[in-house]
Amino acid sequence: MVQGRTNLPATREDPAMSDSHIDTVTVGDITISYDSTGEGLPPLVLVHGFTGTRADFEWVRHRLALNRRVITFDNRGHGGTTHPADSTTYNFEQLVADLAGFLARVVDGPVHLLGHSMGGMIAMHFALDHPDKLVSLVLMDTSAAGPDMPVEFTEEVSEMIFGPVREHGLDAFRSWSASRENPETDLLIAVRGKEWLERNENERYAVLDPNAMLVMGPKVFGHESVLDRLRSLATPTTVIVGSNDLAFIGPSKAMSEVIRRSELVVIDGAYHSPQHTHPEEWLAAVEAHLRRSTK
């Protein structure tokens, strides 16, 4: 495994978030870095995706916090949260346990929970294991059974994607990712600017444990299906996905069909991160969900 780091500083904050409260809390073997913005119950907790940080929501959380408390945090191995010495702790069971321990420490009562990509996988596992802890659930650009890929995600494909990280570190993955055609990049530059995109990329990789990528990457791409288990979920749920997020639009429709109290929202023209590229449409979908689920 690649040698990781611990106790990294928190990621850069949105300068508009002067009312945010940045803090840390110890949960089990890690110290979690988190933000708490606004007031009001039940709070909304946002869970970022693979290789991301809590800053993935920096442009929208102040809007969400106008009428409620909004909490964002860094998963283990990401952002300002501890990079554990034991890389075997990178698994969905542990990430769900981290979330449960975190909520027990910082929240009094059930929450609205939104998970993006890998964060959505964490959120759906949490909802299945701890339904009493939730008021509602938002599953955003995620999948119950791994993303749709052009080829089957085999051990050979996994080695092709993640193997170079073992030898050359995170720059190898960044080079591979940059070599792939990604139309969302042009859209992000158009909406946020090239400087923002470069800063965002540099910052999130600077605070990412390479072992988190090596160990969690195959678990995300090869996520063991919980689609049938979602049939038992009674939590009010909204599934949000970008119309151009080809890896997740099929899985999103499948989830919305099996979850009993669910609605599907497809954001036209968006890719994997609609909160960045289509913030107004994304905020409208989240606010509509919160209104629906608290009636």
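**Close-up 1. Helix H6 meets helix H7.** Thr 185, Leu 188, Ile 189 and Arg 192 in H6 touch Lys 194, Trp 196 and Leu 197 in H7, where contact means heavy atoms within 4.5 Å. Sorted by class, this contact has 4 nonpolar, 1 polar and 2 charged residues; Ala, Val, Leu, Ile, Met, Phe, Trp, Tyr, Cys and Pro count as nonpolar, Asp, Glu, Lys and Arg as charged, and the others, Gly among them, as polar. This is a predicted model: local features need pLDDT of at least 70, side-chain atom pairs count only at pLDDT 80 or more, and totals for chains, interfaces and linings use all residues. Residues are numbered from 1 along each chain as its sequence is written, and side-chain values use heavy atoms, with hydrogens and water left out.

**Close-up 2. Strand S5 under cover.** In S5 (residues 111–116), 6 of 6 residues are buried, meaning under 20% relative accessible area with a 1.4 Å probe, protein chains only. Val 111, Leu 113 and Gly 115 point one way, while His 112, Leu 114 and His 116 point the other way. In a regular strand, side chains alternate between the two faces of the sheet. Strands here are DSSP runs of E, at least two residues, and helices are runs of H or I, at least four, all numbered from the N terminus.

**Close-up 3. The neighbours of S5.** S3 (residues 44–47) runs parallel to S5, joined by 4 bridges; strands pair if DSSP finds at least two bridges between them. Val 47 sits opposite Gly 115 in S5. S6 (residues 134–140) also runs parallel to S5, with 6 bridges, and Leu 134 in S6 is the bridge partner of Val 111.

Technical notes. Buried < 20%, exposed > 50% of the residue type's maximum accessible area, 1.4 Å probe, protein only.
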